[in-house]
Each structure stands twice: as C-alpha cells, then as structure tokens.
Amino acid sequence: MKPSIYSLTRDELIDWAVEHGEKKFRATQIWDWLYRKRVQSFEEMTNISKEFIAVLNENFCVNPLKQRIVQESADGTVKYLFELPDGMLIETVLMRQHYGLSVCVTTQVGCNIGCTFCASGLIKKQRDLNNGEITAQIMLVQKYFDERGLDERVSHVVVMGIGEPFDNYTNVLKFLRTINDDHGLAIGARHITVSTSGLAHKIKEFANEGVQVNLAVSLHAPNNDLRSSIMKINRAFPIEKLFDAIHYYIETTNRRVTFEYIMLNGVNDGVEQAKELAALLKDIKKLSYVNLIPYNPVSEHDQYSRSPKENVMAFYDTLKKNGINCVVRQEHGTDIDAACGQLRSNTMKKDKAKRAEVKA
C-alpha cells in the first residue's frame, strides 16, 4: 500500500521534492493543490508536469480513506465511518457549533485505555493511525461540503475520537502541525484541542512542544478510588501524578486546561463529588474549566445510565459556588449513533453477522 501524501509535513514534502530533482517551489505548488484547492488526485494539479505527476503516483496516494457510512443528525451533526487501506474502520464526527464547523478526529484503531463506560474501548487497539490517515479525515469532511457547493470550511478540530492521542504522540504532533500550517488549511492553534485520558509524562512533553493548541483532560472522577474503578489508566497515572503534570503544563505554558467530566448516574454525579472536584482544582481554578458531559448510553455498558437533569444542575451549581468555571456541554447527534465508537462497533457486529450468514 502506498502512503498518503498527507503523511508529509510541508518541510518533508519540500525535502522529498528536492531529492527527486524538483525545485522547492514545486513542493509549495503541490501543497497548495492539496490543502487550498483540495484536489483528490495528482492529475488535477495542472501546473505540475506529467513526468512529476507520474513520480508522485509511483510513491503516494492522495486520500487513503474510503467512506463507508454517513449518518446525518437533525441538529446538523454528521458522523462518518471510514475504511482504512487495510480494511479497518474508524469514526469521524462533524459538529455544527455557534462558532463554526468542528471536526472530531480518531487517532487509533481501537483503544487500550479501558474506560468502563466508553464505546471506543469495546475493541482493543489494533494499530496507530499515521499522520496521513488522521489528516485525511479532515480533508474528506471538507470535501463533503465542497462537493455540495457549500461555502463552509472546517474551522475547529478536536482530537478526542477513538484512541488515546498521546499514545500516538509523534503522528498526532505531525497532524497538528500540518493542519495549523499557514500555507495550508491554516486552522488556528487555539481552534484545536487535544484530549488525553491522563498520560502524565506525555502532558509534560506536550508542554515543552511550543504549540499553542488547547489541552483537555478526561478526568471523570475527583478521587483515585472512583477514577481507578472506571478508568484503568488511573492505576498507572493516579491523580497525584496526573496533577503534577497538569501543574507543570500550566506553569510552562500559562494556558488553561479543560477537564472533561462525563456524568454517570449514581456513580460520579453527587454533590460530594462536586465538592471534591472543586477542592482538587482550587489551586488552578483561574486556568481550569470543567466540561460536564451528558452520557450517551452504550448497550454493552448497561451498568451506567445518564445522570438526571437535577443531578447535573446540582453538580454544576456546586462547582460555580466554589469558583470553578464550568459548562454543561451541548449535545450533538443524539438521534444517530451518538457515543464515540458506537457506529464503528455496531457496523463491525453487522459485518460479522453477514459473514456468518454467508458461511452458513
């Protein structure tokens, strides 16, 4: 399988073009065709010689993904199921926000973090996505609008789809630099958010990268006992170690950290837990923000249910009274396979059933 040309950063593309006998400006032209004009084949690059187009075709494909399923919600959310060159499946989600079009990308096939409430972890990690496969998700979502003649562009990106981004650190960093490049998609760094389940050592490394993208931490519990019971990652990186890294990040970057908190009925949604969370964030409350997330039920995790509205509002009010900035996240796509990883999981079940029928 040929790699996608999206897997090259602009500097890498320049180096590659020079190594293959072209001037630097040729790479700049190719980059412009890819990310400004958003072509889907090398043949569309009309100012590139046929000879060099042949060289490009010998070494690369453009978009490595195949669109399998598109689900459109009444609220404008669009969920895509893409097939990778090796036949594996990933999800990407487009959300319409008041501030623009936001795309949530996947970084791994499956997930090993093992959160007990999450659809993404139902299938263990099979491999990392490379930079080109992550970037291609943005390009295909943008193509969805281009083909419909809609003058809309992807303006925001969240890296919190299937997988743990910091477990695929190098590819994710290359992806961030690709979509942020001023000569390409030019998605502003402050319009990009990377979410981690809490790999403390990688949070510290990320603090030293000099990138201006936003950091979100999937916290979901205010103490070790509760967090370890629903997120096995906490056994490796308990709250003390995690918050040591978060303090380092804030001191190094002076940037705010968002804490994601899924509301699970009778598990982590009590006023006492809200008080614990407020105490945990007390020292960094000026540079922290809590995102309370309504739970999307998953049939395989039927021990969990959505917190009732009164629990959510009591939790919210407790945080606000303690000076913690917080919001209840707006829901998207509740009339389609809303939970992250759910569309992929359901499709794989159907594919397996079809194969069984054929064998029978």
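**Stop 1**

Select Glu205 and Lys202. Glutamate 205 pairs with lysine 202 in a salt bridge, with 3.1 Å between the closest N and O atoms. This is a predicted model. Both residues sit in helix H6, three residues apart, about one turn of the helix. An α-helix has 3.6 residues a turn, so residues three or four places apart point the same way. Now color by accessibility. Glutamate 205 is partly exposed, at 32% relative accessible area. Lysine 202 counts as buried at 17%, because the cut-off for buried is under 20%.

**Stop 2**

Next, select Glu12 and Lys174. Their side chains meet in a salt bridge, 3.2 Å from N to O. Glutamate 12 belongs to helix H1 (residues 10–19) and lysine 174 to helix H5, so the pair ties together parts 162 residues apart in sequence. Are these two residues buried or partly exposed? Glutamate 12 is partly exposed at 30% relative accessibility. Lysine 174 is partly exposed too, with a relative accessible area of 23%.

**Stop 1: other salt bridges**

Move to Arg26 and Glu22. Arginine 26 forms a salt bridge with glutamate 22, and the closest N and O atoms are 3.2 Å apart. Both arginine 26 and glutamate 22 are buried. Then pick Asp86, Arg127 and Glu133, which a network of salt bridges links. Across the whole structure, a search finds 17 salt bridges.

**Stop 2: helix H5**

Return to H5 and show residues 169–180. Its 12 residues should span 16 Å at 1.5 Å a residue, and the end C-alpha atoms are 16 Å apart, so the two agree. Which residues of H5 are buried? They are Tyr169, Val172, Leu173, Phe175, Leu176, Thr178 and Ile179. Display what covers them: the cover includes H2, H4, strand S7 (154–159), strand S8 (192–196) and helix H6 (200–207).

**Stop 3: the largest nonpolar core**

The largest nonpolar core has 107 residues. Which of them touch the most other members? Select Val157, Phe206, Phe259 and Val290. Helix H4 (residues 131–146) gives the most to this core, with eight residues. Zoom in on valine 157. Not counting residues up to four places away in sequence, valine 157 touches Val103, Val105, Ile138, Phe175, Ile179, Ile187, His191, Ile192 and Thr193.

**Stop 4: phenylalanine 42**

Select Phe42, in the loop between helix H2 (24–35) and H3. Phenylalanine 42 counts as buried, at 1% relative accessibility. Beyond neighbours within four places in sequence, phenylalanine 42 contacts Ile5, Ile53, Leu56, Asn57, Phe60, Cys61 and Val62. Draw a distance to leucine 56: the two C-alpha atoms are 7.2 Å apart, for residues 14 apart along the chain.

**Stop 5: asparagine 63**

Go on to Asn63, in the loop between helix H3 (50–59) and strand S1 (66–72). Asparagine 63 is buried, with a relative accessible area of 15%.

**Stop 6: the annotated cysteines**

Finish on Cys111, Cys115 and Cys118, which an unreviewed UniProt entry annotates as "binding site". Cysteine 115 lies in the loop between strand S5 (108–109) and strand S6 (127–128). Cysteine 118 lies in the loop between S5 and S6. Cysteine 115 is buried, at 15% relative accessible area.

Terms used:
Residues are numbered from 1 along each chain as its sequence is written. This is a predicted model: local features need pLDDT of at least 70, side-chain atom pairs count only at pLDDT 80 or more; totals for chains, interfaces and linings use all residues. Side-chain values use heavy atoms; hydrogens and water are left out. Helices (H or I, at least four residues) and strands (E, at least two) are DSSP runs, numbered from the N terminus. Buried means under 20% relative accessible area, exposed over 50%, partly exposed in between (1.4 Å probe, protein chains only). A nonpolar core is a set of buried Ala, Val, Leu, Ile, Met, Phe, Trp, Tyr and Cys residues joined through side-chain atoms within 4.5 Å. Contact means heavy atoms within 4.5 Å. UniProt positions are given in the numbering used here, feature names are shortened, and annotations may be inferred rather than shown by experiment. The expected span of a helix is 1.5 Å times one less than its number of residues. A salt bridge is a side-chain nitrogen of Lys or Arg within 4 Å of a carboxyl oxygen of Asp or Glu.
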